[in-house]
Amino acid sequence: MTNRMTIEQAAGRVMVALDYPSVEAAKQLMTQLEGIPCYMKVGMQLFYASGSDFIRELKARGYRVFLDVKMHDIPNTVKGGSHSVTKLGVDMFNVHAAGGVMMMKAAVEGIEQALEEDSSLIRPTVIAVTQLTSTNQQVMNEEIGIAGTVPNAVIKYAKLAKEAGLHGVVASPQEVQLIKDACGASFQTITPGIRPAGSAAGDQARIMTPAMAIQQGTDYLVIGRPITAATNPREALEQILKEMI
């Protein structure tokens with residue numbers, strides 16, 4: 001599979017995390033990466049600073065957008081949030097699996113309601129966060145209060161997300177094969193914690209190189225600081241794409 005992947009195909013599986021405090025800073029990076037057909041991931045910091053206008057601009061420029069706001073609330077509130085982001089035109093968004101099956105089903109209901117109101121909208125992929133890649137077993141057991149191992153918790157959440165009708169989960173690349181085995185090959189995995197060979201781990205606890213993550217069978221790689229904090233972000237992304245293929 002990896003030998004037949006083109007640079008363009010590899011780029012389509014990379015989600016560049018626009019973890020910036022302002023639109024201006026994000027646009028500087030976009031200028032540097034112009035022409036590379038990657039996904040753009042807009043997280044809480046940038047979305048809270050820029051609102052929906054920047055999402056619309058990204059879509060107008062032809063980018064696919066993953067809105068990473070990790071909804072986690074009562075089902076009715078999540079349904080409303082899902083309805084709003086579907087109308088915004090994002091390609092993907094996420095909720096926390098820890099909110100439970102009813103909450104995740106409500107996210108799907110919000111999508112359906114928006115599509116019924118406007119059939120021209122795209123159907124976004126909705127995924128669930130299992131365990132953050134900054135979470136190790138000690139934190140999960142002693143601070144969050146979940147017993148057992150991290151992989152076991154991830155698989156439990158992935159199965160609940162599938163039951164709720166979601167398309168996939170966010171998880172560490174270390175759990176990709178387990179998720180695919182438990183939920184099927186078509187159940188998508190979106191994996192942060194990607195660190196090219198020689199990169200610092202930072203605050204990530206469960207990491208893997210781009211090449212290794214592709215070999216594990218993940219669908220998308222979420223990559224932030226190895227690109228955004230690089231002296232030459234374009235060169236850093238191009239090197240990652242070469243590593244992937």
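Colleague: Which residues of α5 meet which residues of α6?

Modeller: This is a predicted model, in which local features need pLDDT of at least 70 and side-chain atom pairs count only at pLDDT 80 or more, while totals for chains, interfaces and linings use all residues. Residues are numbered from 1 along each chain as its sequence is written, and side-chain values use heavy atoms, with hydrogens and water left out. Helices (H or I, at least four residues) and strands (E, at least two) are DSSP runs numbered from the N terminus, and contact means heavy atoms within 4.5 Å. On the α5 side are Pro75, Val78, Lys79, Ser82, His83, Thr86 and Lys87, and they meet Met102, Met103, Ala106, Ala107, Glu109, Gly110, Ile111, Gln113, Ala114, Leu115 and Glu117 in α6.

Colleague: How do the residues of the contact of α5 with α6 divide by class?

Modeller: Ala, Val, Leu, Ile, Met, Phe, Trp, Tyr, Cys and Pro count as nonpolar, Asp, Glu, Lys and Arg as charged, and the others, Gly among them, as polar. For α5 with α6 the classes are nine nonpolar, five polar and four charged residues.

Colleague: At what angle do helix α5 and helix α6 pack, and what does that make α5 relative to α6?

Modeller: Axes are lines fitted to C-alpha atoms, for helices over the stretch in contact, and angles run from 0 to 180 degrees between N-to-C directions. Angles under 35 degrees count as roughly parallel, over 145 as roughly antiparallel, 65 to 115 as roughly perpendicular and the rest as oblique. Helix α5 (residues 75-88) and helix α6 (residues 101-117) have axes 7 Å apart and pack at an angle of about 40°. That makes α5 oblique to α6.

Colleague: Which residues make the contact between α8 and α9?

Modeller: Helix α8 (residues 150-163) and helix α9 (residues 176-183) have axes 10 Å apart, at an angle of about 40°. The two helices, α8 and α9, are therefore oblique to each other. From α8 come Pro151, Val154, Ile155, Ala158, Lys159 and Lys162, and from α9 Leu178, Ile179, Ala182 and Cys183.

Colleague: Are α2 and α4 roughly parallel or roughly antiparallel?

Modeller: The axes of helix α2 (residues 23-32) and helix α4 (residues 52-60) come within 12 Å and cross at roughly 15°. Val23, Ala26, Lys27 and Met30 of α2 make the contact with Phe54, Glu57 and Leu58 of α4. The helices α2 and α4 are therefore roughly parallel.

Colleague: How many residues apart in sequence are the parts that the pair of Tyr39 and Tyr220 ties together?

Modeller: Rings of Phe, Tyr and Trp (its six-membered ring) pair if their centres lie within 6.5 Å; planes under 30 degrees apart count as stacked, over 60 as edge-to-face and the rest as tilted. The count comes to one aromatic pair. Tyr39 and Tyr220 are edge-to-face, 5.5 Å centre to centre with 75° between the planes. Tyr39 lies in strand β2 (residues 39-43) and Tyr220 in strand β8 (residues 220-223), so the parts tied together are 181 residues apart.

Colleague: Which residue caps the N-terminal end of helix α7?

Modeller: Just after α7, Gly145 has a positive phi of about 90°. At the N-terminal end of helix α7 (residues 137-144), a side-chain oxygen lies 3.2 Å from the backbone nitrogen of Gln138, and the capping residue is Asn136.

Terms used. A polar contact is a pair of N or O atoms within 3.5 Å; within protein, one must be able to donate a hydrogen and the other to accept it, and residues adjacent in sequence count only if both atoms are side-chain atoms.
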